[in-house]
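Visitor: Hello! I would like to learn how to look at a protein chain. Could you walk me through this one?

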Amino acid sequence: MYKYRILEKIVEKGIVAVIRAESSEKAIRITEACLEGGINSIEITFTVPAAHRLIEDLSKRFHGQDVLLGAGTVLDAETARAAILSGASYIVSPALNLDTMKLCNRYQVPCMPGAMTVREVIMAMEAGADIIKIFPGSVFGPEVIKAIKGPLPQASLMPTGGVELSNAVEWLKAGSIALGAGSSLTAGAKTGDYNRVTETAREFVRVISDFRGNSNVK
């Protein structure tokens, strides 16, 4: 899939499910629950054991379906390359790594590096980032998006960390292009309640859709 189309799909749905789990089996069940709830952008973090094998298995399983599999917590170009070869459609990092950006740009794979300060956001944009992950968003809350977009209105920002159903609209109002939801989305998995994960996913999709419909933000 072309890079621009991957980015379009992420922005269209407006949410990426960040999957962290103690095992591949649990990560698969969380993924299935999120997909059932309508979230089609799945970020498998490299904190999951054998994450590259899991991405490869899931990419084969969902081949031809409307599912975007990405790799998260990617710290270097070597890990990014392994993830891409395994089938990852996009790469997410907690911070900017120039070698990772170069590799992703070389293969035209979207890369979302993490940033928190205005300086880091500018550096990420200059390195070729299409979407910048504001992380950890919980440190400053939705106001950080508004503050960064003051001097940098052209920045495409996606917060991760601190994104919950209760404040999703505030993140969007502040100017987020999409949201990255982790523990608040997948909390039900801790007790084996995957139906709760599905229902939470549905609520995120609904809240984002309602906000955009009411504000004419697409």
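This is a predicted model: local features need pLDDT of at least 70, side-chain atom pairs count only at pLDDT 80 or more; totals for chains, interfaces and linings use all residues.

Visitor: Is Gln 108 buried, partly exposed or exposed?

Guide: Gln 108 lies in the loop between α5 and β5 (111-112), and it has a positive phi of about 55° without being a glycine. Buried means under 20% relative accessible area and exposed means over 50%. The relative accessible area of Gln 108 is 46%, so this residue is partly exposed.

Visitor: Now the whole chain, please. How many helices and strands are there?

Guide: Helices and strands are both present in the chain. The count is ten helices and nine strands.

Visitor: What radius of gyration does the chain have, and does that agree or disagree with a compact globule?

Guide: The chain has 218 residues, and for that number a compact globule would have a radius of gyration near 17 Å. The C-alpha trace spans about 45 × 40 × 30 Å along its principal axes. The radius of gyration agrees with the globule value, because the chain has 16 Å.

Visitor: What percentage of the residues count as buried?

Guide: Buried means under 20% relative accessible area. Of the 218 residues in the chain, the share that counts as buried is 52%.

Visitor: Which residue has its backbone nitrogen 3.2 Å from a polar atom of the Thr 100 side chain?

Guide: Thr 100 belongs to helix α5 (residues 98-106), and it is buried because its relative accessible area is 1%. Leaving out residues up to four places away in sequence, Thr 100 touches several residues, including Val 74, Ile 91 and Cys 111. A polar atom of the Thr 100 side chain lies 3.2 Å from the backbone nitrogen of Ala 77.

Visitor: What covers the buried residues of α4?

Guide: Helix α4 runs over residues 77-86, and among its buried residues are Ala 77, Ala 80 and Ile 84. The cover for the buried residues of α4 includes α3 (51-61), β3 (68-72), β4 (90-92) and α5.

Visitor: Which residue follows α4, and what is its phi near?

Guide: The residue that follows α4 is Gly 87. Phi of Gly 87 is positive, near 120°.

Visitor: How far apart are the C-alpha atoms of Met 123 and Leu 96?

Guide: Met 123 is found in helix α6 (residues 118-126), and with a relative accessible area of 34% it is partly exposed. Met 123 and Leu 96 are 27 residues apart along the chain.

Visitor: One last stop: what is omega for the cis peptide bond between Phe 135 and Pro 136?

Guide: Pro 136 is in the loop between β7 (132-134) and α7 (143-149). The peptide bond that joins Phe 135 to Pro 136 is cis. Its omega is about -10°.

Note on methods. Residues are numbered from 1 along each chain as its sequence is written. Side-chain values use heavy atoms; hydrogens and water are left out. Helices (H or I, at least four residues) and strands (E, at least two) are DSSP runs, numbered from the N terminus. The radius of gyration is taken over C-alpha atoms; the globule rule is 2.2 Å times the number of residues to the power 0.38. Buried means under 20% relative accessible area, exposed over 50%, partly exposed in between (1.4 Å probe, protein chains only). A polar contact is a pair of N or O atoms within 3.5 Å; within protein, one must be able to donate a hydrogen and the other to accept it, and residues adjacent in sequence count only if both atoms are side-chain atoms. Contact means heavy atoms within 4.5 Å.
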